Amino acid sequence: MAVPIAGIRRPALDPSPLSAPFWAAAARGELAIQACTGCSKMHHPPVPVCPDCHGTAFDFAVVAGTGAIYECSVMRQARVVGFEAMVPYACVVVELDEQPGLLVVGNLLGAPVEAARVGSAVRVHFEPYGQGDLQLPQFVLVAGAKAR
Ligand SMILES: [Zn+2]
C-alpha cells in the first residue's frame, strides 16, 4: 500500500508494538526515544532486550530533537519509492544531544544538499505523512549554529 503526500506516494507506515510509542509521539510533534528502565540507556530503533543490561522493561523519553549530523548521503537518483520528487536530497544520520551514539535517520529538509555536512547542528522537524495523523521525523539545520 502506498500513501499519497502532495502527489508523492510513499510506502505505508505500519508501526510495530515496539515502535508504536515512537510513532504516537511523532504524531503529537514529539521525538520520543526508548529508554531502558534498568540502566537508563536510550536505544533507537527500539529493541526488545537492552543490549547494555539485558533488561526488558522500557519507557519512552521525549527528547529535545537536537543533535548533529553524524553522517550523510546525497541521493541523486530516484531509487527509493516515495522520495522520487525530492531528488536530489540528503539522507542524514543524526547523533542526538542526549547520548553519544544515539542515532536517528531522516532527511535534511529546507536546505540545499551541499549544506548537509558532518557536524552541522540540526533539529527535528515533523513532516505530515499523509496517513492518518502520522508524522515523519525529519531534520532541518539550526540557523547560526556552529558545527561540532
Ligand atoms: Zn538497560
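The helix α1 lies across strands β3 and β5, running at about 150 degrees to β3, where axes are lines fitted to C-alpha atoms, for helices over the stretch in contact, and angles run from 0 to 180 degrees between N-to-C directions. This is a predicted model, in which local features need pLDDT of at least 70 and side-chain atom pairs count only at pLDDT 80 or more, while totals for chains, interfaces and linings use all residues. Residues are numbered from 1 along each chain as its sequence is written.

**Overall fold**

- Along its principal axes, the C-alpha trace spans about 45 × 40 × 25 Å.
- Of the contacts with a separation of 6 or more, 54% are between residues 24 or more positions apart, a contact being two residues whose C-beta atoms, placed from the backbone, lie within 7 Å.

**The helix and its buried face**

- Buried residues make up 22% of the 148 residues; a residue is buried if 20 or more other C-beta atoms lie within 10 Å of its own, exposed if 12 or fewer, and partly exposed in between, with C-beta atoms placed from the backbone.
- In α1 (residues 20–27), the buried residues are Phe-22, Trp-23, Ala-25 and Ala-26.
- Seen down the axis of α1, these buried residues fall within an arc of 160 degrees, so they line one face of the helix; the arc is that of the directions from the helix axis to the C-beta atoms.
- The buried residues of α1 pack against β3 (31–36), β5 (58–63), β9 (121–128) and β10 (135–141).
- Just after α1, Gly-29 takes a positive phi of about 80 degrees, and Gly-29 is also among the residues touched by Phe-126, which lies in strand β9.

**A three-stranded sheet**

- An open sheet of three strands has the order β4-β3-β5, with antiparallel pairing, where two strands pair if DSSP finds at least two bridges between them.
- Strands β4 and β5 stand at the edges, each with a single partner strand, so one side of each is left without a neighbour in the sheet.
- β3 and β5 pair in the antiparallel sense over six bridges, and Ala-35 stands opposite Asp-59 in β5.
- Met-42, found in β4 (residues 42–43), is buried, with 20 other C-beta atoms within 10 Å, and its contacts beyond four places in sequence include Ile-33, Ala-35 and Leu-102.

**The nonpolar core**

- Of the 25 residues in the largest nonpolar core, Leu-31, Ile-33, Val-92, Val-94 and Phe-139 touch the most other members; such a core is a set of buried Ala, Val, Leu, Ile, Met, Phe, Trp, Tyr and Cys residues joined through C-beta atoms within 7 Å.
- At least two residues of this core come from each of α1, β3, β5, β7 (89–96), β8 (103–108), β9 and β10, and the largest share, five residues, comes from β3.
- Leaving aside neighbours within four places in sequence, Phe-139 is in contact with residues including Val-92, Val-94, Leu-108 and Val-124.

Notes: Helix = DSSP H or I, 4+ residues; strand = E, 2+ residues; numbered from the N terminus.
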